[in-house]
Amino acid sequence: MTRWGMVIDAERCVGCQACTVACKTENQSPHDAWYAPVIEWEAGVYPDATLNYLPTLCNHCEDAPCVTACPSGAIKRRDDGIVIADEDVCIGSRACMAACPYGAINFLENSGTASMPGSSVASQPSVPERYARQQHVPGAISKCTYCAHRIDYGIENGLEVGVHPLATPACVVTCPAECRIFGDLDNPDSNVSRYLEAKGPGEVLRPDAKTSPNTKYVGLP
Amino acid sequence: METVQGARSGTAYGDGWVRSACTICLNRCGILAHVNDDEVVDKILGDPANPHNHGRTCAKGDAGFEGLNDPERITVPLRRTNPERGVGVDPRWEPISWDEALDAIAQKLCETIDDDPEKILYTSFDVFHLRGALAASWVTGLGMPGYSTWSAAIFCGNNVHGIAYMNQNAFEGTPDPDHSKYILNFGSQFGSVVHYDTMHATRALSERRSDVKMVSIDPVCSSAAAVADEWVPIRPGTDAALILGMVDQLINELDIYDAEFLKNFTNAAYLVGSDGRYIREPGGHKPLVWDQHNGAQPFDAGTADAALTGVYEVDGVEAKPGFQVLKDHVRSYSPDYVESITTVAAEKVRRLAREFGEASCIGQTIEIDGVELPYRPATAIWYRGLSAHKHSMLNGLSIILLPTLMGALDVPGGLLGDPWGLIGKVKDRTYTATASPEGLISQGFIGGGRVGGLYPPRKARAPRTTEMFELMPCAPYGTVFSLLNSEQPDLFGTPPFPSMMINFQSNMMKTSGPPEIVERFIKRIPFVVSISRRFEETTEMADIVLPDLHYLERLTPFVFQHLSSGDGRHSVYGAKPVVSSKIEGPVPGEPYVDAMQIYLELARRSGTLPDVYEAFNTIAKMKDEYRLDPSEQYSYFEICDRWLKNTFGSDKGLQWHLSDGLWTDDKTVEEKYPRPFFEARAQVYFEFMLRARDDLERKVEELGIAWETDDYQPVPDWKPGPAFERTAPHDLFVVNMKVPNHALSHTHKNPILSTLSNRHNDLKSVWINPQTAAGRGISSGDRVEIETSQGRRQTATARVTQLVHPEVLATQAAAGAGPKAVTATRSTSTRS
Amino acid sequence: MTSPSLASDHTGAPLPRNVFMDQFSLEPRTQRVWDLNHAVWFTLMGLGGGVFLVGRFLNLTEDLGHWIGIPTIDMISFAAIAVGGMILVADLGRPLQFWRAFANVRTSWISWGAWSDLIFLTVAGLLVLPALRFGGSRPFSGLGWDPDGSNGAGLTLEIIAGIAAMVVMTYAGAVLARPRSIPYWSSLAIPVQFLLSSAAMSVAVVLVIEVIADEPISGGQMVLLAVLAAGLLVALVGHLLTRTDTPGKKESLDGLLRGRYRHVFVGLVLGAGTALPALLGFVGAAVGDLRDALSVICFGLLISGGFLLRLITLRVGIFPPVYIPSNQR
């Protein structure tokens, strides 16, 4: 079986927010929603202080609490491990938002606007329309899809997922520090498995929530 | 009308992807931009084939397509009908034809050229001016002194370029990210995604995180300091003291320096008399060195073991090697003294010096491509942090000592020149530097802009413009003096004031000094033209506004010439129209692809086109078959075609540029690490400064101008800037900082990037240390009012943070660009 | 449909509630999903299920008056659940798609809640249908079951309705408790608190109806009220004293006991809303003359306390940081 996952080497991150923006232009997330932000926090006391960075996104959990909590079945875990929300099915109960330990789910208010205020260009997914949901539904939630549309496009067109830019999540492709790696966690020879073997075993965020994320971290401060 | 566009196929990504270049910041990444069926650019990727950014983009580049369909874009030439100019005053724009606009400007150009062409002030920089030889030819052809990098005077690395040319024959130096082990980062953003060579450095340093120690010396824990292994907070404006303290530790206490390198590749052994001047061969020009066996010899007499230290007697005169003078000089920078100036603990000064010295691996070598080269994996980088205040040049001359004394110039692990003495040369590149008669790397004047080198110093002349650049024999820019001359016209004997200004892609009001002073300066200029994509403060001061293009609509053949030293490949590439602009251009029947078309058309209408062509033939080193015939007229496209063919060969003209346009090549080992392969020397003793001072003092005395010349000294010092002596109640320093998701002021209007900034609150807050805040009862989120000693006031939101020096308030650079007062004008005038 | 923004960024500026990962900082974060509307429907659901069950349990359903033939107690129950359901639907992002809430019965407590509301209203409605008086006649009296559950069919319906009522009372707490995202919520204590609070509120409602109907209140009824309130007090205090260092829960407890909500929580929820009615219940059990007055007082205290318990429980729902740096663990 294929189980798509991401390894994030936090030690490499330089906090440039390229992933944050690449995600937004790829998925055109509602204007105030950011699916893949880089979290910052201060540590230490002057003069031995510093700023730390942590790239985040939906953790695509094996035991996804959003899937469990969702009353409408709008959020599903695909066979390849990607947790994806069907905004047309979503009723906007927001149970998933309270259930997600990572704050990875965003709600577009009924009165909200799906686009950036002042934005003059509707950015589009980089692969043909049929692979991607472009319009966000007011009153529904939206979330990171691991750029499932790119993965599907890549597989259908024989591109190597996690390597070819059009078959790899946008946040991974853009990263100047190359701190995000995407691949098949079930394949011991995949890029992600090899990276975990070299730098692993890999931690997860909020281990207390017992969600078994497919987004793994190494080099956490 | 035919269209000229970048090819939409040919890359590995299928149809719709155009290879081009991002010009949002100076790193200038290679990109692939996607055009959809509606002719909308909807995605930007890094070009994986481009070795400069290896398929990556930053936040700015990802969001770069914003602005293309901006409803507030300027689409037609506009003329002011309200004679009253000022910020917030409605210019009452009236649309005019290109013909009218160009004729009006050309007429003014003719009048000014007849009077004094140096009274044409051509300003640019915010959106980087990348037209190289062509723009240089235009200003030369019209008789201007060069284009004025106005904003650069405030935010650029003022001392960086001249010093890089002096010691590296390059435009600037950056650490070798592939081999360095220790990097001292003095107030620059190296290692974050803001700098030259940034994508390569970011990737290489991320890959080698555990092998490299990065130390960031900065009053603010910037994003680069956050990535570094250690942040060393320092009192603003005192870096030179720390650097000279480290130099003292290295050469006086630890005895760590690369003696072989200093003897053979620098002027360290050149003998200096008690007057500070070189002791030269009798009746000749060559400086002498002390040969242990044969006494004083000319520097190039093949002395194998010239003395670096000691006191000698040459023809009855006491002589010391320059290195000995430096050694004696830096003894006054003891760690305790340094601590009292910088607030960096004396113990830390010692430790940093020791770490740096030990990491320099003096004597070690490394094999690159089968050739054994010196391995000096410790270096230092600086930029604006050491530049943006008084005594900037002394700061730069201090810090270049660190890599120079360690022999870490253009060798593996050291400070690498970028581009390495090669501007304009692609195919016929040669790796050597011109040596002056003194045997020193000689590069006086750089590029097409008004960017001056340091050595040899230029001869002082009477000022021809308010910039007074003629009285700055070793400076790269003089633009701030225009403001001073505007405010106090009699201060320096009233140098000629500009009669007209052409402002290109630059919002001087935000980036070039206190806005109200810049406003008064612009108001005094009788005729102002601005070429801009949208209204900002400076453009709203113009008499005539011409529409500019978005970078994804431009044809710019040479955006990037990455001919640097270091591992990796050469690459040269340009920008091409990813989509065609819908805006009508200056030349009827010709698609509008670049502001250069405006310049050429202005040259034609002002009768200076033949001069521009001649200048171009010379500056671009045009071969016979591609030279422009001054009696003919060429379209911008024909010129680009010839220019490209001249550079890359007959098969690589405009069509090649549009369909591919990416030139890459392997580097030889001499190109990767050139220092061991040429003879011209770097400097550790700056004797030329004394000569420059003498010449300058003679000139200003003759002109009757009061002029400071104290900083022209052969060994650098730390000197307090005017802000150093703080007097109550103005007891804090205000510094500004930079985030990686903005470049200059022009990205602040990008809706994606500005929304992101709102999330971070990075552009609106002022950082204050908890110690300082507590004493003033300030908590995070409070609105605070800041008053400067010049009486300027500004309110901001406080962010109480450990990430800033207790004596410092840190704010964002160039934040909040965009007109506020004249929104109504904006929305009505552009619709016409 | 907007609730007050509870979080603010480090500058004090309020943040929109539609996004969580909007501060880009590693701080405990107050949930902004559920607030006033949810507290109201949680309360109404608890009351609706509880009043029906308490009426049947105390065998008072038939004694406390009827409206168009239907026992007043049941009418109150139906009304509470119907209104609560409508608030729930109105609060959805897409109310017109509410029917999809029934889809995920496998794992979603909200789906269970939707079904239990529907089943309860349907089955309890059917149960009382034979009693419906319509213009002097009972059009459905021919149906083969007894509305008070004294025959087989009636009893079956009553049991099904009773089970559904139990779920209605419970599921709001279970919705909060099931995920581990918010440690203060992620505990059996929350559904137990909500259940006990609902039961105590419901007893109080029934007692007040007894007062209105001029029925004598027994000492046992007062004891029941007192025991439920005391049980709630135990469940609350127990939850406050366990796992107090857990990230996220620690901040919630700070908010309840030392921070913004300390007066309301300690004074109105713990004291006036729980401990005091427990005490008054025991007093009422001992002193027969005071029962009517004490019932009315307890009703006021328990209802307001129960509502505030739910509202404040929602408001102190805090997500711990997604990551706790190794030197801070």
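Chain A meets chain B through 41 residues of chain A and 49 residues of chain B. The model is predicted. Three elements of chain A each supply at least two residues to the side that touches chain B: α1 (18–27), β3 (50–55) and α5 (170–174). The largest share comes from α1(A), with six residues. By residue type, this side of chain A divides into 22 nonpolar, 14 polar and five charged residues.

Chain A also touches chain C. Here the contact takes 48 residues from chain A and 37 residues from chain C. On the side of chain A that touches chain C, two or more residues come from each of β2 (38–43), α2 (65–69), α3 (95–99) and β6 (105–107) of chain A. β2(A) gives the most, with five residues. This side of chain A holds 30 nonpolar, eleven polar and seven charged residues.

**Chains B and C**

| Chain | Residues | Buried share |
|---|---|---|
| Chain B | 832 residues | 59% buried |
| Chain C | 329 residues | 53% buried |

Chain B contains 26 helices and 32 strands. Its C-alpha atoms fill a box of roughly 80 × 70 × 60 Å along the principal axes. How does the radius of gyration of chain B sit against that of a compact globule? A compact globule of 832 residues would have a radius near 28 Å, and the 27 Å of chain B agrees with this.

Chain C has nine helices and four strands. Along the sequence they follow the pattern β-α-β-β-α-α-α-α-α-α-α-α-β. The radius of gyration of chain C is 21 Å, close to the 20 Å that the globule rule gives for 329 residues, so chain C is as compact as a globular protein of that length. The C-alpha trace of chain C spans about 70 × 50 × 30 Å along its principal axes. In chain C, 72% of the contacts with a separation of 6 or more are between residues 24 or more positions apart.

**The nonpolar core**

The largest nonpolar core has 410 residues. Which residues have the most contacts inside this core? They are A:Cys66, A:Cys96, B:Leu402, C:Ala200, C:Ala204 and C:Leu225. Helix α5 (residues 189–212) of chain C gives the largest share of the core, 14 residues.

C:Ala204 shows what such contacts look like. Leaving aside residues up to four places away in sequence, C:Ala204 touches C:Leu225, C:Ser295, C:Cys298, C:Phe299, C:Leu302 and C:Ile303.

**An enclosed helix in chain B**

Is helix α3 (residues 132–142) of chain B enclosed or left open? Eleven of its eleven residues are buried, so α3(B) is largely enclosed by the rest of the structure. Among these buried residues are B:Gly132, B:Leu134, B:Trp138, B:Val139 and B:Leu142. Both helices and strands cover them. The cover includes α2 (98–115), β6 (120–124), β25 (556–562), α18 (596–605), α19 (609–619) and α20 (636–648) of chain B. After α3(B) comes B:Gly143, with a positive phi near 90°.

At the β5(B) end, strand β4 (residues 78–80) of chain B runs antiparallel to β5(B), and three bridges join the two. B:Arg79 stands opposite B:Glu94 in β5(B).

**A hairpin in chain B**

Strands β16 (residues 365–368) and β17 (residues 371–374) of chain B also run antiparallel, joined by four bridges. Within this pair, B:Ile368 has B:Val371 of β17(B) as its bridge partner. The two strands form a hairpin with two residues between them. Which residue in the turn has a positive phi? That residue is B:Asp369, with a phi of about 50°.

Key
Residues are numbered from 1 along each chain as its sequence is written. Chains are lettered from A and ligands numbered from 1 in the order in which they are written. This is a predicted model: local features need pLDDT of at least 70, side-chain atom pairs count only at pLDDT 80 or more; totals for chains, interfaces and linings use all residues. Two residues are in contact if their C-beta atoms, placed from the backbone, lie within 7 Å. Ala, Val, Leu, Ile, Met, Phe, Trp, Tyr, Cys and Pro count as nonpolar, Asp, Glu, Lys and Arg as charged, and the others, Gly among them, as polar. The radius of gyration is taken over C-alpha atoms; the globule rule is 2.2 Å times the number of residues to the power 0.38. A residue is buried if 20 or more other C-beta atoms lie within 10 Å of its own, exposed if 12 or fewer, and partly exposed in between; C-beta atoms are placed from the backbone. A nonpolar core is a set of buried Ala, Val, Leu, Ile, Met, Phe, Trp, Tyr and Cys residues joined through C-beta atoms within 7 Å. Two strands pair if DSSP finds at least two bridges between them.
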